[in-house]
Every structure is written in C-alpha cells, then in structure tokens.
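These exercises go with the sequence and the structure shown below. Try each task before reading its solution.

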Amino acid sequence: MTKTMYNPISTSDDAKELGLLPEEFEHIKQLLGRVPNFTELSIYSVMWSEHCSYKNSISWLKTLPRKGPHLLAEAGDENAGLVDIGDGLACAFKIESHNHPSAIEPYQGAATGVGGINRDIFTMGARPIAQLNSLRFGPIESEKTKWLVRGVVKGIGNYGNAFGIPTVGGEVFFDECYNTNPLVNAMSAGIVEVGKTVSAISTGVGNPVYIVGSATGKDGIHGAAFASKDISANSAEDLPSVQVGDPFTEKLLLEATLEVIATGAVVGMQDMGAAGIICSTSEMSAKGEHGMNIFLEKVPTRQANMQAWEILLSESQERMLIVVEKGKEKLVEAVFEKWDLNCAIIGEVTDSKRLNFFMNGELLADVPAESLVLGGGAPVYQREYSEPAYFAASKNFKIEQIEEPTNLQEIAHYLSGHPNLASKRWVYEQYDSMVGTVNMSTNAPSDAAIVNIKNTNRAIALTVDCNARYVQADPEQGTAIAVSEAARNITCSGGEPSAVTNCLNFGNPYNPHVYWQFVHAIKGMSKACEKFKTPVTGGNVSFYNQSSYDGPVFPTPTIGMLGILPDRNNRMTLDFKKAGDMIFLLGESVNDISSSEYLYSYHKVKNSPAPYFDLQEEYAVQEFVKALIKRKIVNSAHDVSDGGLFINLLESAIPRNLGFSIGTDFEIRKDAFLFGEAQSRIVVTVDEAHEEMFLELALDSELAVSCIGQVTEGEILVDDAPFGTVAEYKQTYNDALGAHLN
Amino acid sequence: MKFTADINIMPLKALLDPQGKAVSGSMSNIGLPQISNVRIGKHITLELEAATEEEAKGMVDTACRKLLANMIMESFEFTVAKA
Amino acid sequence: MKFGVVIFPGSNCDHDMIHVLRNIMHQEVVELWHKDTDLQGCDMIILPGGFSYGDYLRSGAIARFSPIMEHVIRFSEKGGYVFGVCNGFQILCEAGMLPGALLHNDHHKFNCKNVFIKAENNTTLITSGVDTSKALKIPVAHGEGRYFADAEVLAQMNANGQILFRYCNENGAVDAASNPNGALENIAGVCNAGKNVFGMMPHPERAADAVLGNEDGRLLFESILAMVKA
C-alpha cells in the first residue's frame, strides 16, 4: 500500500494558521498526550471553532430559560427544539444563520442555509411543514445590496420551492450597518408523532455507520472556521470552494430518511452541516458514549484524490450519517436504492469512546470523541465586556429636540413607501407559500403565520421578529421587545405563545462593546421568555458579523417563536372586515418617537433610546387580547410595531380596500401618536353589536383602552381632515420594494 | 474592427453540478446508460468593436470576469474571430 | 371514481392532490411510483405539481422519460383521462401529449400568488360545472409557466375549443395586467384535440379545502366527478 496521505506532525504555526489559539494547541497536546498530526489538528480546529463549539457564548446561553411544560427536548439535547403540540404530535423547530456564505455568494449561500435548517428538522424524524426567514441588508439604493437581495431571495426561493415546503413568513430589513455583512437567518418547523423521533446518538458495538445522500466533494472545507472570522476583502479567496445546494437531492433525502426511520432499523442519525463527517461522528459518539472506526476510502467522493482531512471536513450538502442496527442493513439499503441515493457503510461503532479515522489501512487520526464537542472537551471562555459610550449618549435624546411637524400626510406617504415598512411582496411572491396546503394565512392575513395541522383541529402559529435598531439602542430592552413582539404576533393571531428558537447575530465577541451587547441581549431575552413562559429550545450564535470598515452590525438576536392553537377556529386575522366597525387601541399612547423609523429615517436621528416598553403592561395587554379573541368579540387584531399606529391601520385597511377615520389624542404629539413606536399596543376592531360587551371587559381589565375611530369605505381621515385614500397608499406600499429591485 | 466571440461558461470542476448530475442519472431512462459525467454550462455569443484581436480578447475576458461568469462558481473559455 | 396520482422524484404537490381527492372529494386514490408500469385500472391519471428531477435542464424534460410515462401515453391514446397541474402540465407538453410549451416567466422570477382565471367554455370534463362568466381565484406557483405555441397551432386550438382557462382580473376581464407570466393570449390551461388530456398552471388543489378560505378550485373536481359519474 502506498502512503500518499499528507499527514505530518503539526506545529504551533499550523495551529495558528488554522485559527487555533496557542493555549488551545497546548490543550490538544495534553488531551492526546502527544503532538497532534495535521489531520487531528484540522479536526480540532473546526470542532473548536466558534461555529461548532459556541466557546464564547455557551456560558451565557446556559442562563436562558430552558424548561417548559410542553418541551420534549431541551436546548442542546437534539438538533432542534421539540414541543408537544397535543394530539400525540410534536413540533421540531429551529432557526439558523448563513450570513457569511451569503455575503460571498448570495444565491448558494442562502440556498444551502435553507437546506441545512431543513435537514436539522428531518434528521429528527419530523416532516418539515413550514419555513420562515429573516433577512437584513445594507441600504436598498446600493447596487451591491440589490445584487445581494436578488441572489438571496432567489436562492431561498429556488431551494425551498423545489424542496416543497411553504415559506409562510419572515422579515426583511435594510440598514447601513448590514452593508458588508448581510444577515440571512432561516427557520423551519416540522411535525412528528411523539415518541417517534430519532436522536443524534451512536450506540451498539459493531453497528454499521452509513453515509447517505450526495457524494462528498471539496465543498466549503474550513467553512466552519471561515464563519468565525471577520469579513475582509480577501474573504472570497479564503473560501476554497463554495457549497452548492441541490434541492432535488434534498427532497429525495427527506423522503428516504423518513422511510428509513419507519423501518425501525435506525439507532441514531445526524445531518452533516458545518464540519461535515467529523462533526456528526464526534457528536453522535460523544452523546452515545461510544467510539467509531471510520474508513474514509469508503466515503463516496465526487472527486478523485481527496485528502483524508478534506473528506473529514467537507461540507458537501445533502448528506446524513446513520447508525443502523446490525442485521438490518438490507432494509436501509433498499430505501436508498428506491430513491436513487448513495448509501455506503463507512465504519462501525466501537466501545473505545475514540474516533479512529483510517484511509487505505493507515490510521490517520485517533481522538477521544468527547474532547471535541460542546459540553465535553471543547473550550469555554468568559469574555470581557464593557458598556460602549453610545449607550449613555443615546439617553440624551428628548422628543423636544424634534419640532412637531405639520406635514403629517406627507410623512405618512413617505413611511408607507419606506423599504422597511412597505409590503415585502416582491420578496415573498418568489417563495412558494402555499405548497403543502397548510398555510391558513394566504386568504386570511394575520400577525403570525397560521399553519394547519392536517387531520386534527389544531394549528400552529409561527413568527420571526427582531427590531435590531431597538437592540442597538438598548440590548436588554430591545431583546425583551423582540420576544414580546413575537409573542404579541402569536397572541393577535389567536395562538398561545409556546417556545422560542433564537439566532444571535453579533459582531466580534473579542470586542468588549460587542460582548456587552451580547450579554445584555441574553438578559433581556431571559426576562421576557420567563414572563411569557416561552423557553428557548435552541438556535444558533453567529459572531463576527462585521467588517474592518463598517464595524459590527446592529446586535440582532432574531426570535423565532412557535405558538399553538388547540382549536384552529380560534384564529384571528388582522384585516378590517367592514366599514362602520369601531377601532380601539389597547395599551397606553405615549409621547415617544425614540428609535422609530420616523425618527431614524425621516429626521435622520440615528441615536436615541429604545422605544417605551414595560414588560408587565405588555403581558397584561396580550392576556386581554387573548380573552377578547376567545370570546369572539373582535373582528380583527393587529399589533402596533414598526412605523407606529398609522402603518398599523394602513396594513389592516389594505387587504379589503377599506379606510379609517381616527382622532388623535390631545395629550400626545400628533407625530408620536401616528408614527411613534411605543410598545405594548394592539389595535382591534369591534362590531357595533359587540361594543357594549367589549367596553365592559375593557373596564374590568384596568388597561388603557381608547376608541380612536371607525373603519370607513376607503377614505382616510385624521381628526376629520382628509389624509388621502387607501388606494393611493396601497400602491405606494405594494410597489416600493419592486421599484428598487425590479 | 468588428469581432465575434464564442464563450463557453462551465461550472468549476470541483463543484457539484446538480443539473448535470440529474441529467446523467436519467440517461438510462432513454436507453443510453453509457453516458455519464454530464456537466451543463452556458454558451454565449457576442459581437464587439475593437482595434486589434488582442484588445478584443481583453474586453471579452473582462466581460466574462465581471459579469458573464460567476468566478466563484464558474470557469470560462472563449475564442475571438474577425466578423 | 378511481384516481392515480403519479409520484416522480421531486414531485411535491402529490400529497396535496391526494388530500383533496381522498379527504375532500371522498374518491379512491392510488399512488403510482414513476418506476411503476401498472396504472391499476384508474379512471384518471394525475401528474401533480412540483419539481420533478429538480426542474433541471427544462421543467418536465427528464420526468417525461420515466418508465410510467410510456403507459400514461398509451392510456391517453385509448381515450383515458390524464390531468397535469403545473409541473404535471409541463411534463405533458414535454411528452407531446399537449400542444405547446411552457417557457420561463417573462419577468424571470418564480411567482406564487392568487390569480384569477376564467373558463373558456364548459364543454370539457374539467370545466363542465364552471360558470364561464365568473372569475375563479386559484393560486399559481411557478417559474416556467409562460404558455407558448406557434400561431398555426394556436389558431387550431382556439377553433377546436382546446383552451381551458385564461388569466383574467377579478371581474373576469382578460387583460395584460392579469397575466402573471406573459403567457400567449393569457392562456392558463389547455387540453388536447381529443379532449381527454388536460393541463393547467394554476393549482386547483390549493383552493379546495375550506380551512384555507378558498374553494374555487373545488369546482373543477366537482366537474370531473359529475361528468364521469353521469
């Protein structure tokens, strides 16, 4: 046998080159009791990268509320969170970032992000039924942004549409801070019968280990390490090879995976994402407290002459690692044969707790599985943090610094066409939102997407939310607001907020100001998640979202929330139903324009506090809306969020081409009343017939409830003065994004 | 002087070509299992005005690098001839 | 009535179609795998939507050579009913079972939304129970749905009553603004000269369940059942 493998004893220079710290190199030597060879060093470098090990975040993540009555799998237990939704069914759901790949190659970067998050769901045995995404880009006017938006949207669309799971919701936000480093967060939710899930675990000495799906090529090698670096001009060259997504193979892999689970032959399974084979073999082995012998020449490869470390670390998409009960090989192989997919035994389970990787008879790496993984030997760091100067400075902003404008109608038009507030139709019409015939929001819009659970009376509600401008202004309050808004969206749709998945997009954690934002975001999230009893079931952390010239992005802890509707008929919609219905505002009107789109974009005041927010008030308002919906007293419910009350009313008016006539509050500045973004407010409409009952309940609730006007046939009036028609605003609102992007 | 260029753009050899892979697999359905390793790219023709063939080649090269090919994912080759 | 829904690798509207036929229309449905060679005595074969073979090369181009297609073609030649929706329509055109072709949308984007269509006549199996003066709200979801046929073929199809549906506005007016993909003459669905093979880009199975708040698509399935049972 010829020894052709490149595998010398490594040096501290190699370690540095692969992104390991000197102390980490020392630690590896200690763990192994010798100097690692190059293959072993590569293994540690990816497994101990930020992306795989969460070494700079895990100590804080552990402080998040993780327990809840309906949780079947806690954060970190499985590939995704698992929530009991009743009727013997569970929902697996998770959100994940694919920011750095999307910055380099937006189409493939976004597409493979969609592929990866869906594999996390179906590797557990759950069939994905809905997808969402949360996207952030630089200013829409820039050519680079347009290139990124078109590529990302096409990538998400082409992959998700062909894969055949509807995209039911999402958000798109534009700000200068994302100019170099866009954020692409993808979420998926799937359904599985309770007790029929599959774990990412490896046990049973002698059981065969299979690799199934696509062949392995040199895709995205060291991608995981790459995702843990700042983006610089050289990044494009840094990535040896982009990952190419193949949604067709993913669809086959989905069907084959679910079929193979049904055979009962599967001991454990994990998809291959970041750090490929090494990540799946080590995590499954560590969890099962077993070892594996893996023979790399048995891995089906796309290219000849791949090095052992390349096969180990390849991030080729659409692959799974499956540990099968010995003797049931035929059952498994028949399924993959049916679906024309690769299926190869590459090794077996051992009792050694070590991973031994061989190539053509030569042992190339011998490492303890436990030493590689999060919760095992992977390093955990406490990072320094300190409050940035801007935080105190932002508190100096007072509304009096802005003269109250008189051109309110002009501002209303401006905001209705602002890319952050206008319809995202240009984006979402490129996604198949209806395949699967479960999207109940297509013909009945609501704040959260309502997804039918076929063969039951149930539905789930899904939303992704984060106003990162608020988080930048005040990480703790801003993140509490993000959680509250997600809960509010679910509540306004008739659902019960149930659990959270998060995608924490931050800058470089070694920057104390960035880390201060991170720590406070976690604190705010904890506070709000405890209040709403929505435990955090998992998600991911994406650090290093910054560039050498623009600095860090706004701290963006995207909240994906799952809500449950035990009876889907309890669902509530956001659109006004008919002229004459009374419009009520629940929650306090406040003289506040802080961090509003109005203040930030129209007045160009970039530094102000987070908007008014009180968690207790928020909770009380949501409880009240739940009661109103349950008693079928309201015709619509819609939360006041980005753009303030005027945009809220417009969004409710547009679907049925109705209008509204409202009166402002003389104690509140008109601009604050119409465009301020003070939190914890919900607009409901009430039929005259229900008015009396509504007012009685409002009185009992002890909340601030005010009648602000009436639904009209299509004209918009503010304090009896004409403000235009809904038709005019509708055109601006619908066409704003397309005008930039077509 | 007027030139024409014939440009072939192909997915990089190292990358997965999902389309080519699916087409390869279907060859047996039409009775041609002997065919394998299908890779699918683009063919582009264009006309341009340049003083010399060298200059024409330079312009086509720039067009390929900047727009016609995605250099992260594709390679290109071309020929230039007098129209 | 017995329906056979063909599942190609990459089909993804197969179960939506089966759900409507089985649970809403209460009909017998069998799943036919693309490698099957037995149509199991079905009264109608349905080619569902999706991305058979990833839509690689051209939509429907590869699926058209799946083993089952030979049998579907033979079935149709003997007068059997075949109905293709979206990707199924594309496969039928590629297989030459329906005239014309489906090209990339004129705006070069995938497009998923509710549109309105109007039945051209109510003399076909699919449109028999549809009011031809009314617009039906049915969703589309495709990147390659721009119907094209050459002038001669088109004239013949018009003369033979082979146009099933045209895109229109909500009041039933067939106009350019209502055309979601640049289809010739706003054509959304067609049938063959024998009027037993049908194809349409919009998805009636996505508008047939009351839970989704739109049942306009049900009319098409009701038409089929009424005609075949009568």
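**Exercise 1. A pair in a sheet**

Task: Find the bridge partner of F358(A) in β13(A), then describe the sheet around this pair.

Solution.
Step 1. In β13(A), F358(A) has L363(A) as its bridge partner. Helices (H or I, at least four residues) and strands (E, at least two) are DSSP runs, numbered from the N terminus.
Step 2. Strand β12 (residues 354-359) of chain A and β13(A) run antiparallel and are joined by six bridges. Two strands pair if DSSP finds at least two bridges between them.
Step 3. The open sheet has seven strands in the order β8-β10-β7-β11-β9-β12-β13 (chain A), with mixed pairing. Its edge strands, β8 (266-271) and β13 (362-368) of chain A, each pair on one side only.
Step 4. On average, neighbouring strands of this sheet are turned by 25° against each other, direction ignored. Axes are lines fitted to C-alpha atoms, for helices over the stretch in contact, and angles run from 0 to 180 degrees between N-to-C directions.
Step 5. Helix α3 (residues 38-47) of chain A packs on the sheet and touches β12 and β13 of chain A; its direction makes about 40° with that of β13(A). Two residues are in contact if their C-beta atoms, placed from the backbone, lie within 7 Å.

The model is predicted: local features need pLDDT of at least 70, side-chain atom pairs count only at pLDDT 80 or more, and totals for chains, interfaces and linings use all residues. Residues are numbered from 1 along each chain as its sequence is written, and chains are lettered from A and ligands numbered from 1 in the order in which they are written.

**Exercise 2. Chain A as a whole**

Task: Why does the radius of gyration of chain A agree with that of a compact globule?

Solution.
Step 1. For 742 residues, a compact globule would have a radius of gyration near 27 Å; chain A has 26 Å, which agrees. The radius is taken over C-alpha atoms, and the globule rule is 2.2 Å times the number of residues to the power 0.38.
Step 2. The C-alpha trace of chain A spans about 90 × 55 × 45 Å along its principal axes.
Step 3. Chain A holds 26 helices and 27 strands.
Step 4. Of its 742 residues, 63% count as buried. A residue is buried if 20 or more other C-beta atoms lie within 10 Å of its own, exposed if 12 or fewer, and partly exposed in between; C-beta atoms are placed from the backbone.

**Exercise 3. Two helices of chain A**

Task: How do the axes of α19 (residues 475-492) and α22 (residues 615-630) of chain A cross?

Solution.
Step 1. The two axes come within 10 Å and cross at roughly 10°.
Step 2. Therefore α19(A) and α22(A) are roughly parallel to each other. Angles under 35 degrees count as roughly parallel, over 145 as roughly antiparallel, 65 to 115 as roughly perpendicular and the rest as oblique.
Step 3. Residues of α19(A), including A480(A), S484(A) and R488(A), meet residues of α22(A), including L615(A), E618(A) and Q622(A).
Step 4. The residues of this contact divide into five nonpolar, three polar and three charged. Ala, Val, Leu, Ile, Met, Phe, Trp, Tyr, Cys and Pro count as nonpolar, Asp, Glu, Lys and Arg as charged, and the others, Gly among them, as polar.

**Exercise 4. The sheet of chain C**

Task: Which residue of β2(C) is the bridge partner of V5(C)?

Solution.
Step 1. The partner of V5(C) in β2(C) is E31(C).
Step 2. Strand β1 (residues 2-7) of chain C and β2(C) run parallel, joined by six bridges.
Step 3. Nine strands make up the open sheet, in the order β2-β1-β3-β4-β11-β10-β9-β6-β7 (chain C), and the pairing is mixed. At its edges are β2 (28-33) and β7 of chain C, each pairing on one side only.

**Exercise 5. Where the chains touch**

Task: How many residues of chain C are in contact with chain A?

Solution.
Step 1. 26 residues of chain C are in contact with 25 residues of chain A.
Step 2. β6(C) gives the largest share of the side of chain C that touches chain A, three residues.
Step 3. That side of chain C has eleven nonpolar, eight polar and seven charged residues.
Step 4. The contact of chain B with chain A takes eight residues from chain B and 16 residues from chain A. The side of chain B divides into seven nonpolar, one polar and no charged.
Step 5. In helix α1 (residues 18-26) of chain B, the buried residues include P18(B), A22(B) and V23(B). The buried residues of α1(B) pack against α11 (247-262) of chain A.
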